[in-house]
Amino acid sequence: MNIRQFSPSAMTLGAILVAISAQPALAQDIDRVEVAPPVVDMDDTAFSGDYLSIGAGVAISPSYSGSDDYVFNVLPIVQGSLGGVDISPRAGGVTLDFIQDPADGVGFDLGVAGRLRADRAQQIEDEVVLDYIELDRAIEVGPSVGVNFPQVLNPYDSLSIGTDVMWDVNGAHEGMVVSPSISYFTPLSRSIVASLSVSAEWADEDFQDYYFAVDDADYIGPGAAPLAEFDPDGGGFTKAGVNLLLGIDLDGDVTNGGLGLVLIGGYSRVLGDAADTPFTSVRGSKDQFLGAVGIGYTF
């Protein structure tokens, strides 16, 4: 595994400030057997109306999906709620939700998701993969839907289930990508919140052919093409993974906004043709890891 490059990236820390702006934690007294949590007035917090969180972070991740070379990325972040529209970061993009959740009970999400995908368009560290033609950046846009279940195990936690369905509109892979996810959020203390998410990615035949096919005609290096030709077998799942996020408020109270830190650790496994392509099976790895640290400020 190589770690060499430090450069800006369009990727964002997905949900990095969502955790910081989530519901407040329960204060607990470990010296007592039973302690009733304090009542928190959610109408009197930094997140009860319009608010905006901005920040930046640094992540280390594979140089492309399926690579075993790791690179550093600088990550801009924007998250908030303005005029009843929720703004949430995604990996490489953002989601707008136009439906406000009710004060009590199940909430629904309906909006638009967009992202920039730069796989094998930059930061290619493998000298063999670099000798195959560089790909174009894809701009993926489409609907985002979801449902939120509050107070699953305690008064301040929530379970969210959602799916983004996006199409490339930039003429790169020209295909469709479906990204389902399940996330559980809970406070650990008044200053620390945690979010555990499980996600997957399904892509159609056009996507798979663009990123995972190996063709001798695409080789531009010296001598004969070093990798065997590979033809993906239609659409299918490309990866599945899990991420753990910790948000830490620096003044000890997540309800008042201000400065916060975020730590993220993640693991994913590439699947199907994404795993079988020589770009992964010969030159990379099916196991993919992510680490990130960020800082943000909420107004």
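The exercises below use a predicted model.

**Exercise 1.** Which residues make the nonpolar surface patch, and which elements give two or more residues to the patch?

Solution. 
- Step 1. The patch consists of I99, V106, F108, L110, V145, F149, V152, L153, I161 and I182.
- Step 2. Two or more residues come from each of β6 (107-117) and β7 (138-150).
- Step 3. The area of the patch is about 850 Å².

**Exercise 2.** How many cavities of 30 Å³ or more are in the whole structure, and what lines the largest cavity?

Solution. 
- Step 1. The search finds 2 such cavities.
- Step 2. The largest cavity holds about 40 Å³ of space.
- Step 3. Its lining is formed by Y64, S65, D119, R120, Y211, F212, T277, F279 and T280.
- Step 4. At least two lining residues come from each of α2 (205-212) and α4 (278-281).
- Step 5. By class, this lining has 4 nonpolar, 3 polar and 2 charged residues.

**Exercise 3.** Which residues line the second largest cavity, and how do they divide by class?

Solution. 
- Step 1. The volume of the second largest cavity is about 30 Å³.
- Step 2. S65, R117, D119, E201, F207, F212 and T238 form the lining.
- Step 3. The classes are 2 nonpolar, 2 polar and 3 charged.

Key: Residues numbered from 1 in each chain as written. Predicted model: local features only at pLDDT ≥ 70, side-chain atom pairs only at ≥ 80, totals over all residues. Heavy atoms only, no water. Patch = residues over 30% accessible without salt bridge, like charges linked within 9 Å, V, L, I, M, F, W, Y side chains within 5 Å. Areas by Shrake-Rupley, 256 points an atom, 1.4 Å probe, with all protein chains shown as cover. Salt bridge = Lys/Arg side-chain N within 4 Å of Asp/Glu carboxyl O. Helix = DSSP H or I, 4+ residues; strand = E, 2+ residues; numbered from the N terminus. 1 Å grid on protein atoms, 1.4 Å probe; cavity = no way out; pocket = protein on both sides within 12 Å on 5 of 7 lines; lining within 4 Å. Points joined across faces, edges and corners; volume = space filled by probe spheres on them. Nonpolar A, V, L, I, M, F, W, Y, C, P; charged D, E, K, R; others polar.
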